[in-house]
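Dear colleague,

I am handing over the structure below, with notes on what was found in it. Please read the notes with the coordinates open beside them.

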Amino acid sequence: MAKDKELFEATGISTWGKLQDGPESKLFEPVKIGAWSLQTRTAMAPMTRCFADDKTGVVGDDVARYYRKRAADGIGLIISEGIVVSPRGKGNPGVPGLYTQEQIEGWKKVTEAVHAEGGTIIAQIWHVGRLSHHELTGNLPPQAPSAIRAEGHVARFRKPYDTPEEMTAADIQELTGQFAQAARNAIEAGFDGVEIHGAHGYLIDQFNSDASNRRTDRYGGDLAQRLTLTKEVLKAVIDAIGSDRTLIRFSALKVDDPEYMWPDPDGAIRTFTEAFREAGATMIHPSTMQFTRVLADGKTMHQLVRKYWDGVIVGVGTLNPETAEQALAEGTIDVAAFGRPLLSNPDFIHRVKNGEPLEEYDAKKHHGVLV
């Protein structure tokens, strides 16, 4: 059931009609959210690329050029590819890290390049949990809330997921510290903030799900109780760098169970937003594969989120310009995020503004290179 992780980070579209850049267009207007003054109400969704040195987790000049092009084009908020907070957080060959000084120095080249173009970039800090293999995690078993193996194979590694090791209370405390330190390291590296990856069936989301969390301590129980880790990580990161520089991503969908949906979407979203508010969050990133899919009471995921959340919402999920404009005008979202079209179109904003055709994403052509 596991599919390529890139499918789950964000999807896009291949052809758009012209969307005028003017007072009637909210998509291209500058906006201030949190600590960030964005060039447009657009975001580059986080997408796994795997171009770091596999042994050191350090990114190079090619990664700096890749992000610089998107900033130069006018993308408002660049959310980086997932950056792991520890060696055991790694789930693919070639993923970058943010836990050594060498890694921090590598990211400085990226953030300096983006800032030279007037862009804003945040680091998506990440731990894959059980969605890994011991050969990727330093010959240690993957970590998880419970010792339950996920179904499927590690993307880009072609080996089955390992049975994970159930985390102890000390492991969880260490993990919370790793996220907070990664956030501090991100600021040292020149990032404008971070996004906590709490979605898609990775470690934080594994604590949120009854399929992967069978604990009987304070980290287990009903959904509100399972969100304890999410709240602790969120509080730790906010304490480290501030709520105005912290975004958190959440979802129903899982890499290892793409068809999953909460039994009660309205109730689940209410519970999630209550937890985020309690932890001090002000900006959230609900993730779905289909932005227009109705979940409950005639409302989409993002409309349900807005029902319970008056802070900043970043929207994502195969958005097209008309849907993005409508959602922005209605106030359902504050920023619209796009994924795959930005892999094949470094000049994405220019093309959309001018009605020029987008080059359609082709995995064979674009997956293994940084355009």
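Which residues does Ile 196 touch, not counting residues up to four places away in sequence? They are Ile 125, Phe 179, Ile 204, Val 233, Leu 234, Val 237, Thr 246, Leu 247, Ile 248 and Arg 249, where contact means heavy atoms within 4.5 Å.

Before going further, please note that this is a predicted model, in which local features need pLDDT of at least 70 and side-chain atom pairs count only at pLDDT 80 or more, while totals for chains, interfaces and linings use all residues. Residues are numbered from 1 along each chain as its sequence is written, and side-chain values use heavy atoms, with hydrogens and water left out.

Ile 196 is found in strand β8, residues 194-197 (helices, H or I of at least four residues, and strands, E of at least two, are DSSP runs numbered from the N terminus). Ile 196 is buried, with a relative accessible area of 0% (buried means under 20%, exposed over 50% and partly exposed in between, with a 1.4 Å probe and protein chains only).

Val 237 is among the buried residues of helix α7, a helix that is mostly covered, with ten of its 14 residues buried. The end C-alpha atoms of α7 are 20 Å apart, which agrees with the 20 Å that its 14 residues should span at 1.5 Å a residue (the expected span being 1.5 Å times one less than the number of residues). After α7 comes Gly 242, whose phi is positive, near 100°.

The axes of α7 (residues 228-241) and α8 (residues 265-279) come within 9 Å and cross at roughly 35° (axes are lines fitted to C-alpha atoms, for helices over the stretch in contact, and angles run from 0 to 180 degrees between N-to-C directions). On the α7 side the contact is made by Thr 230, Lys 231, Leu 234, Lys 235 and Ile 238, and on the α8 side by Ala 275, Phe 276, Glu 278 and Ala 279.

Thr 230 is buried as well, with a relative accessible area of 4%. Leaving aside its neighbours within four places in sequence, Thr 230 is in contact with Ile 204, Asn 208, Ile 248 and Phe 276.

With best regards
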